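Have the sequence and the 3D view ready, and try each task before you look at its solution.

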Amino acid sequence: MEHVTIGLSAIITKDNKLIKKFLYGLIPFILLLVGWWAISLRLESYLLPSPDTVIDAFSKAICTGELLRHTVSSMVKIAGGYLLALLFAIPLGIMIGLWQRAHDMLNPLVQMARFVPSIALIPIIVLWFGIGYQAATVIIFWGAFSPVLISTISGVEGVEIEYVDFALTHGAQRRHLLTKVIIPAALPDIFVGMRLGLSYAWRAMIAAEMLASKFGLGYLIMDARWLMQTERVIMGIITIGFIGLLLDFSFRSAEESMLKWRKGMVLK
Amino acid sequence: MRIKNILMIMVGLLIMPFFVSTSEAVERPIVLALQNSQYAAPIYVAVEKGFFKQEGVNVEVRSFPSGSSSAIHEGIASGDLDMGYVGLSSALIAITRRPVVIFATTSVCEVPIIVGLNSGIKDISGLKGKKIAVSRRGTWSDFIGRDLLSRYNINPDKDADMVMIPMPERLIAMKNGIIDAAVVSPWLAVKGRSMGISKVLVLPIEKFWPQTPGIVYIARNELVKNRKYDVKKIAQALKRSVDYINQNHKETAEIVSQKIGLSPELALEVVKSILWFSDLRKDKIRMVADALYKSGCLTKFPDIDSGVVPLSN
């Protein structure tokens, strides 16, 4: 009985912590909502619709399936382009990080490319690939590629030499160094790059959808803009932000799970 | 004492703009937005020939790239701009959602439908199943494109693929086979023909919406109320421009060619191809509003009587 009580107390205490964390995170949103409502009372509705007008827009978009349709379209686009970016950027980043010649050859190009935003490439990409999923995939790929690549290079280059020496002196074969020492040690940086890449890819996709697409959350916002439906514009913005939050949360959970070994070794 | 002096100077500097701006507000120029295109010809002419000055109105013209109707609507809504010209469909949407009125027109807004030279499309029925580039929902080109297809029993959402491609990229997209047809502006139709990429399939305004104001001028209600005579003078100046254009195609083409980077010959062709008039016909506008409402672009029917206020008569 005692064990059960202690167990339950532990669960309740853990749940209390999560609940507290959730509530703290909710406070800024509540303040924002109250502020928005207060300001909307003083402004014309075409400048800032009230929260209830936006909620009304949400319910219409959900009931007609419009919001789901556009959200799914955006998610499908981002999945393809983002995974492709990881597939190329991580191995390339490892190669550049490990091999000096590759670094000397490719680094100038990498540094130049990373300053070119996806949005600048849209006119060219649309001409080459049309306006379907192919073009969106390329735009998203470009958006995610640089941050993942650069973080991977940085992670690999930052692996402490002591780890490598320790592994070698304890009998590790050279071929195991990559998979058992270098990649695991570089993973935290790679994950940072992957998270950044995801947010850049998401933004690139929204921009692409605004300019040349028939579906997606970016298209939804531009459509609402043209029809001067500010409430739908705000609805689109909130949806984008919310999905971004969910994606980030999923990412962090996966990161925590894969980097369990860091627990107790770092501040957070 | 020194700190006190510094503080007084700072307070003086802070309140000075309020006095300056107050006095400027009385003679503040009216900010008129234009989109750099053939349809801005009346404004180009009015500036070049001094019609605004002759009418006694102080106008500051601000240029935007062609296709900037959204930016102009938003500029007017925020107060950065006082007035501007936009397509009729977006103007009708605006009068239902924002405190603006339509006060003048200068032309139809012809939107030629072009097809690739080797597309094999001979008439409008040939557009069935094809990819047609238009602008966004609610724009004039989208409205006319859909209206045209519907008249030939082609459902634009089911029997054709209406794709949004920015206007400047439509010719290259056609050349690369990405699209089969496009709804374009007159200058782009002329350019497409001169580049050997496209040919005009139909001029839908001439055929189905004759004498319909397509390019209209909108202004904030508040401006029309507080500075009605200035707005009226601007409308009068624009009417004079329209009369000038109709009598002086060649001179107008020279002005337009300098402004939008077309050769004088192509500019002349474009200027001649547009029907310029200043009669803001409410009956025609009502017909367009009806079609827009039925298509779902308008969530409520606009009050044409209060939203359309002809000031050039």
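**Exercise 1.** Find which residues of helix 2 of chain B meet helix 12 of chain B, and work out how the two helices are oriented.

*Solution.* Keep in mind that this is a predicted model.

Step 1: On the helix 2 side of chain B, look for A41(B), Y44(B), V45(B) and E48(B); they meet T252(B), I255(B), V256(B) and K259(B) in helix 12 of chain B.

Step 2: Sort this contact by class, and you get five nonpolar, one polar and two charged residues.

Step 3: Now turn to the axes. Helix 2 (residues 41-49) and helix 12 (residues 249-260) of chain B pack at about 105°, and their axes are 10 Å apart.

Step 4: Angles from 65 to 115 degrees count as roughly perpendicular, so helix 2 of chain B is roughly perpendicular to helix 12 of chain B.

**Exercise 2.** Describe the open sheet of five strands in chain B and the helices packed on it.

*Solution.* Step 1: Write down the strand order, which is 7-6-8-5-9, with mixed pairing.

Step 1: Find the edges. Strand 7 and strand 9 (198-202) of chain B each pair on one side only.

Step 2: Zoom in on one pair. Strand 6 (residues 131-134) and strand 8 (residues 181-183) of chain B run in the parallel sense and share two bridges; A133(B) has A182(B) as its bridge partner.

Step 3: Place the helices. Helix 6 (residues 140-151) of chain B lies across strand 5 (113-116), strand 6, strand 7 and strand 8 of chain B, at about 145° to strand 6. Helix 8 (residues 186-194) of chain B touches strand 5 and strand 9 of chain B, and its direction makes about 135° with that of strand 9.

**Exercise 3.** How many residues of chain B are in contact with chain A, and which elements of chain B give two or more of them?

*Solution.* Step 1: Count both sides: 21 residues of chain B contact 16 residues of chain A.

Step 1: Name the elements of chain B that give two or more residues: helix 4 (69-78), helix 5 (88-97), strand 7 (161-164) and helix 7 (170-175).

Step 2: Sort the chain B side by class: 11 nonpolar, five polar and five charged residues.

**Exercise 4.** Which members of the largest nonpolar core touch the most other members?

*Solution.* Step 1: The core has 159 residues, and the answer is I139(A), A201(A) and I218(B).

Step 1: Check I139(A) in the 3D view. Leaving out residues up to four places away in sequence, the residues that I139(A) touches include L121(A), I122(A), I125(A) and M205(A).

Key
Residues numbered from 1 in each chain as written. Chains lettered and ligands numbered in written order. Predicted model: local features only at pLDDT ≥ 70, side-chain atom pairs only at ≥ 80, totals over all residues. Contact = placed C-beta atoms within 7 Å. Helix = DSSP H or I, 4+ residues; strand = E, 2+ residues; numbered from the N terminus. Nonpolar A, V, L, I, M, F, W, Y, C, P; charged D, E, K, R; others polar. Core = buried A, V, L, I, M, F, W, Y, C linked by C-beta atoms within 7 Å. Buried ≥ 20, exposed ≤ 12 C-beta atoms within 10 Å, placed from the backbone. Axes fitted to C-alpha atoms, helices over the stretch in contact; angles between N-to-C directions. Parallel < 35°, antiparallel > 145°, perpendicular 65-115°, else oblique. Pairing = 2+ DSSP bridges.
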